[in-house]
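Subject: Structure handover

Hello,

Here is the structure I promised to pass on. Please open it next to this email and follow along.

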Amino acid sequence: MRDAPWNRYPDMHAEGVRSLLSRFLEWPADGIVVAPGSNFLVLALAMAARRVLDTSPSFAFYEGAARVTGTPYRAVRLGPDFGLPVDGLVREMDQGEAGVVFVASPHAPTGAVFPVPDVERVAEAARRRGWLLAIDEAYCQFSRTDLRPLARANPNVVVLRTFSKAFGLGGVRAGFLLAVPDVAAKVQAMLPPFDVPVHTAAVIETVLESPGRAEEVASGLATERDRVIAGLARHPTWRPHPSQANFFLVRTPDAEAAWRSLLARGILVRRQDHLPGLEGCLRVSVGTPRENDAFLAAAFEAGAEVGAGR
Ligand SMILES: Cc1ncc(COP(=O)(O)O)c(C=O)c1O
């Protein structure tokens with residue numbers, strides 16, 4: 001960073017980062033678009049599309065991006081056990097103009113990984129109908145899943161990834177999209193030039209000197225996640241949902257009471273009980289082993305308190 005030419009504009013399209021990503025991910029550099037966070041890529045896709053299709057519940061910014069770009073938005077409820085609602089999505093695709101459908105796998109906020117054949121069915125439906133399927137793999141290092149093969153096989157599929165999660169660089173703001181070159185060029189055209197700053201590029205280029213590090217970090221975190229979920233199995237009233245991400249949902253009898261009880265013990269989690277199908281649910285981010293132990297202790301105390309009528 002000291003050596004970076006701070007007085008100059010950066011590469012127009014983060015060429016240095018793209019060429020390293022190309023090598024690391026075995027993806028043609030002209031099929032990669034880098035942006036200051038994958039949120040910008042979501043925005044670019046929503047801006048370019050005539051319709052946005054989503055699952056419900058979902059990562060909130062798919063709807064947010066549709067709203068700020070004035071793009072008509074529809075969402076289809078997840079199936080039982082948070083499954084991908086393939087038939088519902090395909091039915092929606094058949095209603096009117098083509099657009100972009102967002103599918104996060106692992107899904108947020110459920111943490112579920114969708115079976116590949118289900119995602120493939122949506123991809124095939126998208127191809128036949130001229131839709132674009134954007135597979136958001138923000139959390140893929142925690143699940144050890146990789147849907148790049150779907151995007152290699154189908155030009156109507158793009159993959160979104162980010163440095164914010166497993167790479168632990170949320171503050172740096174960097175994400176990228178993998179697509180066929182033609183689609184990548186169209187997405188790039190929706191973004192302003194020079195949008196990846198010199199310092200962001202310098203950090204990412206340094207991190208990509210040891211790209212396997214994210215997998216190591218993610219693997220340790222996944223072990224912790226499984227330990228916390230297993231620890232909650234003995235809880236009298238709280239029921240964790242299985243997750244493959246770096247967070248999980250836990251269903252409680254009363255989300256507000258549970259949230260307050262945890263907060264009183266210094267633990268901040270996110271209420272999700274306003275979302276369809278997530279009644280009583282809290283979203284818990286997996287932390288360090290010490291933080292996770294503190295969460296477990298607080299969860300058992302909070303559960304006992306709520307159970308005793310507070
Ligand atoms: C599913 C999903 N996609 C994308 C993002 C945003 O990523 P970025 O920090 O790269 O903008 C998030 C962040 O919470 C997310 O949960």
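This is a predicted model: local features need pLDDT of at least 70, side-chain atom pairs count only at pLDDT 80 or more; totals for chains, interfaces and linings use all residues.

Domains

The protein chain splits into two parts. Domain 1 covers 15-207, and domain 2 covers 214-307. Their centres, taken over C-alpha atoms, are 27 Å apart. The two domains do touch: domain 1 puts 18 residues into the contact, and domain 2 puts in 20. On the domain 1 side, the largest share comes from helix H6, residues 140-143, with 3 residues. That side of domain 1 has 10 nonpolar, 6 polar and 2 charged residues.

Helices H1 and H9

Next, a helix pair. H1 spans residues 15-25, and H9 spans residues 198-207. Their axes lie 9 Å apart, at an angle of about 20°. An angle under 35 degrees counts as roughly parallel, so H1 and H9 are roughly parallel to each other. The crossing of H1 with H9 is left-handed. Which residues meet here? H1 brings Gly16, Val17 and Leu20. H9 answers with Ala201, Ile204 and Glu205. By class, this contact has 4 nonpolar residues, 1 polar and 1 charged.

Helices H2 and H3

Now the second pair. H2 runs over residues 38-48, and H3 over residues 60-69. Their axes come within 9 Å and cross at roughly 50°. H2 and H3 are therefore oblique to each other. The crossing of H2 with H3 is right-handed. From H2, the residues in the contact are Asn39, Val42, Leu43, Ala46 and Met47. From H3, they are Phe61, Tyr62, Ala65, Ala66 and Thr69. The contact of H2 with H3 has 8 nonpolar and 2 polar residues, and no charged ones.

Ligand

Last, the ligand. What surrounds it? The residues around the ligand include Gly37, Ser38, Asn39 and Phe59. Ala104, Ala108, Asp136 and Ala138 are also around the ligand. Thr162, Ser164, Gly170 and Gly175 complete the list. By class, the shell has 4 nonpolar, 7 polar and 1 charged residues.

Best wishes

Terms used:
Residues are numbered from 1 along each chain as its sequence is written. Axes are lines fitted to C-alpha atoms, for helices over the stretch in contact, and angles run from 0 to 180 degrees between N-to-C directions. Helices (H or I, at least four residues) and strands (E, at least two) are DSSP runs, numbered from the N terminus. Angles under 35 degrees count as roughly parallel, over 145 as roughly antiparallel, 65 to 115 as roughly perpendicular and the rest as oblique. A crossing is left-handed if the near helix is turned anticlockwise from the far one by less than a right angle, and right-handed if clockwise. Two residues are in contact if their C-beta atoms, placed from the backbone, lie within 7 Å. Ala, Val, Leu, Ile, Met, Phe, Trp, Tyr, Cys and Pro count as nonpolar, Asp, Glu, Lys and Arg as charged, and the others, Gly among them, as polar. A residue is near a molecule or strand if its C-beta atom, placed from the backbone, lies within 6 Å of it. Domain bounds come from an automatic or database domain assignment.
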